[in-house]
Amino acid sequence: MSLLQISSFHASAPCVSLPRSSSSSSLKTHQQHSLIFSFPSTTTHNRPFSFSTQTGDRRLLCRPPKGKYVREDYLVKKKTAEEIQELVRGERNVPLIIDFYATWCGPCILMAQELEMLAVEYESNAMIVKVDTDDEYEFARDMQVRGLPTLLFVSPDPRKDAIRTEGLIPLQMMRDIINNEM
């Protein structure tokens, strides 16, 4: 991790996850970091589907639709990877909360509403920003974002570790982290 040391905190199930396998289907992991999905024998195509989890060039077939919950007049602003790195490296006297989201993620939409309420409540006591993982894929990968939504709470004190949460967390838990851990 180049920018921060991160301590993990898992709250609930993330938006992006593999479906639970039933008793008739299985998931196998191979040494080359590829996943093989075997489908039940009742399907017409009984060939395993594989894909590689190794990083490489990422091509999208089409861009996901822009979410209507991220607007210009909202308090929580969308930032690029370069802007986030400047905020983390720069001098701050308030905690920085970074929301990694995607426009197609249902829990991210709910989290955006909670973050807007938090931005009103902590208007001058915390800085809250968003990063679209579809637009900033490499940055999200470097920050080891595996599930959505993911929040990073970065203290203004450089000696403290950042706190990471994955999944939808309640507003009170965010308040507790800001008030007690930052």
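Reading the terms in a predicted model

From the N terminus on, the elements of the protein chain run β-β-β-β-β-α-β-α-β-α-β-β-α. This is a predicted model, in which local features need pLDDT of at least 70 and side-chain atom pairs count only at pLDDT 80 or more, while totals for chains, interfaces and linings use all residues. Residues are numbered from 1 along each chain as its sequence is written, and side-chain values use heavy atoms, with hydrogens and water left out.

Q: What makes a stretch of the protein chain one of its four helices or nine strands?
A: Helices (H or I, at least four residues) and strands (E, at least two) are DSSP runs, numbered from the N terminus. By that rule the protein chain has four helices and nine strands.

Q: Why is F100 called buried?
A: Buried means under 20% relative accessible area, exposed means over 50%, and partly exposed lies in between (1.4 Å probe, protein chains only). F100 has 0% relative accessibility, so F100 counts as buried. F139 is also buried, because its relative accessible area is 6%. Of the 182 residues of the protein chain, 36% count as buried.

Q: Why is Q144 called partly exposed?
A: Q144 has 40% relative accessibility, so Q144 counts as partly exposed. Q144 is found in the loop between α3 and β8. Phi of Q144 is near 60°, a positive value in a residue other than glycine. The loop between α3 and β8 also holds P149, and the peptide bond from L148 to P149 is cis, with omega near -10°.

Q: What makes F100 and F139 a tilted aromatic pair?
A: Rings of Phe, Tyr and Trp (its six-membered ring) pair if their centres lie within 6.5 Å; planes under 30 degrees apart count as stacked, over 60 as edge-to-face and the rest as tilted. A search of the whole structure finds one aromatic pair. F100 and F139 are 5.8 Å apart centre to centre, with 35° between the planes, and the pair is tilted. F100 lies in strand β6 (residues 96-101) and F139 in helix α3 (residues 137-142), so the pair ties together parts that are 39 residues apart in sequence.

Q: How do you know that K130 lies over the face of Y101?
A: A charge sits over a ring if NZ of Lys or CZ of Arg is within 6 Å of the ring centre and within 35 degrees of the ring normal. K130 lies over the face of Y101, at 4.6 Å from the ring centre.

Q: Why is strand β9 called largely enclosed?
A: Five of the five residues of strand β9 (residues 162-166) are buried, so the strand is largely enclosed by the rest of the structure. A162, R164 and E166 point one way from β9, and I163 and T165 the other way.

Q: What makes β8 and β9 a pair of strands?
A: Two strands pair if DSSP finds at least two bridges between them. Four bridges join strand β8 (residues 150-154) to β9, and the two run antiparallel. T150 has E166 as its bridge partner in β9.

Q: Which residues count as contacts of L171, leaving aside its neighbours within four places in sequence?
A: Contact means heavy atoms within 4.5 Å. On that basis L171 is in contact with E114, M117 and L118. The C-alpha atoms of L171 and L118 are separated by 7.4 Å, and the two residues are 53 apart along the chain. L171 is in helix α4 (residues 171-181).
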